[in-house]
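The following account leads the reader through a protein model, element by element. Please keep the sequence and the three-dimensional view at hand while reading.

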Amino acid sequence: MTRDLGKLEKVRLRDIWKHEALDFTTWLSKDENIQNLSEEIGIEIKVLETEASVGNFNVDILAEDPDCDRKIIIENQLEKTDHDHLGKLITYASGHNAEIIIWIVEKAREEHKRAIEWLNENIDEKINFFLIQLEVWRIGESMPAPKFQIISRPNDWAKTIKHASDSGRLTNVKALQLEFWESFKEYVEDKGLNFKLRKPRPQHWYDISYGNSSSHLTVTVDTRTSAINCMMYIEDNMDLYYKFHDHKEEIEKELGFSLEWAELPGKKASKMYITRNNINFENKTAWKNYFGWITGKLELLRDVFTKYL
């Protein structure tokens with residue numbers, strides 16, 4: 001029996017995002033979308049600011065690689081590459097002392113592809129340029145789906161990333177954190193659990209998107225206090241925190257356990273979390289038990305809090 005198959009249709013970027021700054025930059029800066037870009041390149045990207053000023057100009061996105069404290073700039077162009085944006089790219093990179101420079105476009109002209117390749121071959125090896133085409137596809141009346149395609153990247157980029165993770169620069173604690181998150185990701189995938197996971201990093205936290213741009217699920221491991229925290233983490237949106245807090249009793253009743261509610265006055269973030277103490281992170285045979293506890297709590301947090309958005 002032959003199945004009917006749909007036909008892929010390419011969608012113009014301007015049909016999805018009318019304005020680069022107001023529409024596309026806002027979309028890209030959301031956690032779940034910047035995570036897709038992060039996974040394509042192979043490094044963590046943490047957005048610091050959109051429309052960040054450089055003199056009289058504004059770079060679309062200023063970000064950082066939290067693992068290495070490297071500044072990242074992202075310049076968006078919903079058209080073919082041009083000389084003007086290439087010049088802005090270099091100006092913004094120098095203004096923010098960026099080490100990773102990302103140019104996202106609808107179509108890369110051959111001369112600009114060669115220019116990016118030349119920059120990667122001839123300037124300081126710690127400076128890395130990426131030229132990325134963004135395509136949007138759909139089948140019939142389906143939702144349009146974006147896809148990042150790297151057109152030009154630094155020489156030996158994959159080796160550089162692997163070396164940064166494998167080199168002696170990782171402390172024993174960082175190496176343990178990386179192994180813990182890699183094992184956690186493998187556990188979730190083997191169980192077929194409905195979590196979209198990013199590439200593990202040698203850090204004490206792991207963020208998981210659940211479809212809300214202002215908040216995400218976070219797991220933290222504290223090797224000093226031997227504790228795991230599972231939380232709903234809200235970034236720069238106190239209205240959302242108060243909205244959840246107004247339903248504190250109902251939320252905790254549905255969860256089946258109490259939460260610590262941390263408003264964090266004076267800070268942009270707030271969180272609601274549950275802690276498991278007396279954890280031995282060096283006992284790797286216990287990790288699956290910890291992963292079971294973590295995923296159980298994350299599923300409850302996701303399913304319950306989603307009702308009150």
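**A guided reading of the model**

Helix H3, residues 31-41, is mostly covered, with eight of its 11 residues buried. The buried residues of H3 are Asp-31, Glu-32, Asn-33, Ile-34, Gln-35, Leu-37, Ser-38 and Ile-41. Just after H3, Gly-42 adopts a positive phi of about 100°.

The model is predicted, and its confidence should be kept in view. The mean pLDDT of the chain is 87, and 92% of the residues reach 70 or more. Within the chain, confidence is lowest in helix H6 (residues 157-166), at a mean of 53. It is highest in strand E5 (residues 100-107), at 95.

The loop between helix H4 (83-95) and E5 contains Asn-97. Asn-97 has a positive phi of about 50° although it is not a glycine. With a relative accessibility of 62%, Asn-97 counts as exposed, because the cut-off for that class is over 50%.

The next stop is a pair of strands. Strand E6 (residues 128-139) pairs with strand E7 (residues 145-152) in the antiparallel sense over seven bridges. The two strands form a hairpin with five residues between them, and Gly-140 in the turn has a positive phi of about 60°.

Gln-133 is placed in E6, and its bridge partner in E7 is Gln-149. Is Gln-133 buried or exposed? Its relative accessible area is 8%, and Gln-133 is therefore buried, the limit being under 20%. A polar atom of the Gln-133 side chain lies 3.0 Å from the backbone nitrogen of Ala-108. Beyond neighbours within four places in sequence, Gln-133 is in contact with Val-105, Glu-106, Lys-107 and Ala-108, and also with Lys-147, Phe-148, Gln-149 and Ile-151.

Attention now turns to a sheet further along the chain. Strands of a sheet pair through backbone hydrogen bonds, either parallel or antiparallel. Here five strands form an open sheet in the order E8-E9-E10-E12-E11, with antiparallel pairing. Strand E8 (205-208) and strand E11 (260-262) each have a single partner strand, so one side of each is left without a neighbour in the sheet, and these two strands stand at the edges. On average, neighbouring strands of this sheet are turned by 20° against each other, direction ignored.

E8 and strand E9 (residues 215-222) pair in the antiparallel sense over four bridges. In E9, Leu-217 is the bridge partner of Ile-208. The loop between E9 and E10 holds Ser-226, a residue other than glycine whose phi is positive, near 55°. Ser-226 counts as partly exposed because its relative accessibility is 24%.

Helix H8 (residues 238-245) lies across E9, strand E10 (227-235), E11 and strand E12 (269-276), running at about 45° to E12. Helix H10 (residues 287-306) lies across E8, E9, E10, E11 and E12, and runs at about 25° to E10.

Which residues have the most contacts inside the largest nonpolar core? This core has 41 residues, and those with the most contacts inside it are Phe-184, Phe-244, Ile-294 and Phe-305. At least two residues of the core are supplied by each of helix H7 (172-191), E8, E9, E10, H8, helix H9 (248-255), E12 and H10. The largest share, nine residues, comes from H10.

Ile-294 touches Phe-180, Phe-184, Val-219, Ile-228 and Cys-230, not counting residues up to four places away in sequence. Apart from this core lies another, of 25 residues, among them Ile-34, Ile-100, Ile-104 and Leu-134. Ile-34 is also one of the buried residues of H3.

Leu-298 counts as buried because its relative accessibility is 0%. Leaving aside neighbours within four places in sequence, Leu-298 is in contact with Phe-184, Phe-195, Ile-208, Leu-217, Thr-218, Val-219 and Cys-230. Among these, Ile-208 and Leu-217 are the bridge partners already described. Leu-298 and Phe-195 are 103 residues apart in sequence, and their C-alpha atoms are 9.3 Å apart in space.

How values were computed: Residues numbered from 1 in each chain as written. Predicted model: local features only at pLDDT ≥ 70, side-chain atom pairs only at ≥ 80, totals over all residues. Heavy atoms only, no water. Buried < 20%, exposed > 50% of the residue type's maximum accessible area, 1.4 Å probe, protein only. Polar contact = N/O pair within 3.5 Å; in protein donor to acceptor, adjacent residues only side chain to side chain. Contact = heavy atoms within 4.5 Å. Pairing = 2+ DSSP bridges. Axes fitted to C-alpha atoms, helices over the stretch in contact; angles between N-to-C directions. Core = buried A, V, L, I, M, F, W, Y, C linked by side-chain atoms within 4.5 Å. pLDDT = per-residue confidence, 0-100.
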